[in-house]
Amino acid sequence: MELREYQQRAVDQLYKWFRSNPEGNPVLNLPGGSGKSVVIAKIVQDALHNWPSTRVLMLVHSRELVAQNAAKLRAMWPGAPMGIYSAGLNKRQLGEPITYASVQSVRTKAERLGHIDLVLVDEAHCISTTEAGGYRTLIAGLKAINPHLRIVGFTASPYRLGHGMITEGKEAIFSDILEPVSIAELVFKGHLCPLRSKLTTHKLESSGLHIRQGDYIASEMQAA
């Protein structure tokens, strides 16, 4: 699988950032539809090819995203030494250099995962900006095993409502945001359709709805 020019640019920018920053954890801000799973797969493949002893953990918050990301790695690298750990997919495969997992399934299993060198998190805006939540529990456990653990986040929305940018705050995991491509460029080059919005006659009635981690609570929205 060949990367598009802007996808390779994202990978190159990440490597350049790591060369200049021996500490810290970056976020790649990639718009929806830009192919984050392809960029992630390329980084995983490079890590194992260039440093064969590397152990990589790729995390997401749903079984659908585990399956989607794993499929992209298989397409790019059919023989990838990858295990999948997701209760929703009924797979609990550990022991491979690469593990694609749902955070709900592994959040208390740092000791079973063991030494991890690189954690890649899709939809990284789901990580709490405080020391709470499944992601933070797992990362703290992995850092206790390997204090030199590095984390790379991927998101199309690095701003969290009520918190600000995911790099802000003394407890923030991420230290910098990289923006290799914009929506305008993707539209101009034909990778995304141009957006045209219209006013509707109906308006959302949001009174009584509460916000959790920057989004309306789904069950309350469905009930409304």
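Predicted model: local features only at pLDDT ≥ 70, side-chain atom pairs only at ≥ 80, totals over all residues.
1. Helices α1 (5–20) and α2 (36–50) each supply at least two residues of its lining. The largest pocket has a volume of about 430 Å³. Its lining comprises 13 residues. Nearest the centre of this pocket lie Tyr15, Phe18, Trp51, Leu118 and Arg150. By class, the lining divides into seven nonpolar, two polar and four charged residues.

2. Besides lying among the residues nearest the centre of the largest pocket, Phe18 forms a ring pair with Trp17. The count of aromatic pairs comes to one. The ring centres of Trp17 and Phe18 are 5.6 Å apart and the planes stand at 75°, so the pair is edge-to-face; the cut-off for that class is over 60 degrees. Phe18 has 22% relative accessibility, so Phe18 counts as partly exposed.

3. Next, the second largest pocket. Its space is about 330 Å³. The lining holds 17 residues, with Cys126, Tyr135, Arg160, Arg212 and Gln213 nearest the centre. Three elements each supply at least two lining residues: α6 (134–145), β12 (215–216) and α8 (218–223).

4. Rolling a probe the size of a water molecule over the atoms shows where empty space is left. How many cavities of 30 Å³ or more does the structure hold? The structure holds one. About 40 Å³ of space lies in the largest cavity. Its lining is made up of Ala124, Ile127, Ser128, Thr129, Arg136, Ile166, Ala172, Ile173 and Phe174. Six of these lining residues are nonpolar, two are polar and one is charged.

5. On to the packing. In soluble globular proteins, nonpolar side chains tend to be buried together. The largest nonpolar core here has 38 residues. Those with the most contacts inside this core are Leu28, Ile43, Leu73, Ile98, Tyr100, Leu120 and Phe154. Helices α1, α2 and α3 (63–76) are among the elements that each supply at least two residues of this core. So are strands β2 (56–60), β3 (82–86), β5, β6 and β7 (150–155). Which element gives the largest share of this core? The answer is α2, with eight residues.

6. Setting aside residues up to four places away in sequence, Ile43 touches Val11, Leu14, Tyr15, Leu28, Leu118, Leu120 and Phe154. Two of these contacts, Tyr15 and Leu118, are also listed among the residues nearest the centre of the largest pocket. A second, separate core has 24 residues, including Ala101, Ile139, Leu142 and Ile166. Ile166 also lines the largest cavity.

7. Lys36 belongs to helix α2. Is this residue buried or exposed? Lys36 counts as buried, because its relative accessibility is 12%. Beyond residues up to four places away in sequence, Lys36 touches Leu30, Asp122, Glu123, Phe154 and Thr155. Phe154 is also one of the residues with the most contacts inside the largest core. Lys36 and Asn69 are 33 residues apart along the chain, and 8.7 Å separates their C-alpha atoms.

8. Thr99 lies in strand β5 (residues 98–102). Its relative accessible area is 3%, so Thr99 is buried. Which residues does Thr99 contact, leaving aside neighbours within four places in sequence? They are Val56, Leu57, Met58, Gly83, Tyr85, Gln93, Leu94 and Leu113.

9. Last, Gly114. This residue sits in the loop between α5 (110–113) and β6 (118–122). Gly114 counts as buried, because its relative accessibility is 16%. Not counting residues up to four places away in sequence, Gly114 touches Leu142 and Ile145. Leu142 is also one of the residues of the second core.

Terms used
Residues numbered from 1 in each chain as written. Heavy atoms only, no water. Helix = DSSP H or I, 4+ residues; strand = E, 2+ residues; numbered from the N terminus. Buried < 20%, exposed > 50% of the residue type's maximum accessible area, 1.4 Å probe, protein only. Contact = heavy atoms within 4.5 Å. Phe/Tyr/Trp six-rings, centres within 6.5 Å; stacked < 30°, edge-to-face > 60°. 1 Å grid on protein atoms, 1.4 Å probe; cavity = no way out; pocket = protein on both sides within 12 Å on 5 of 7 lines; lining within 4 Å. Points joined across faces, edges and corners; volume = space filled by probe spheres on them. Nonpolar A, V, L, I, M, F, W, Y, C, P; charged D, E, K, R; others polar. Core = buried A, V, L, I, M, F, W, Y, C linked by side-chain atoms within 4.5 Å.
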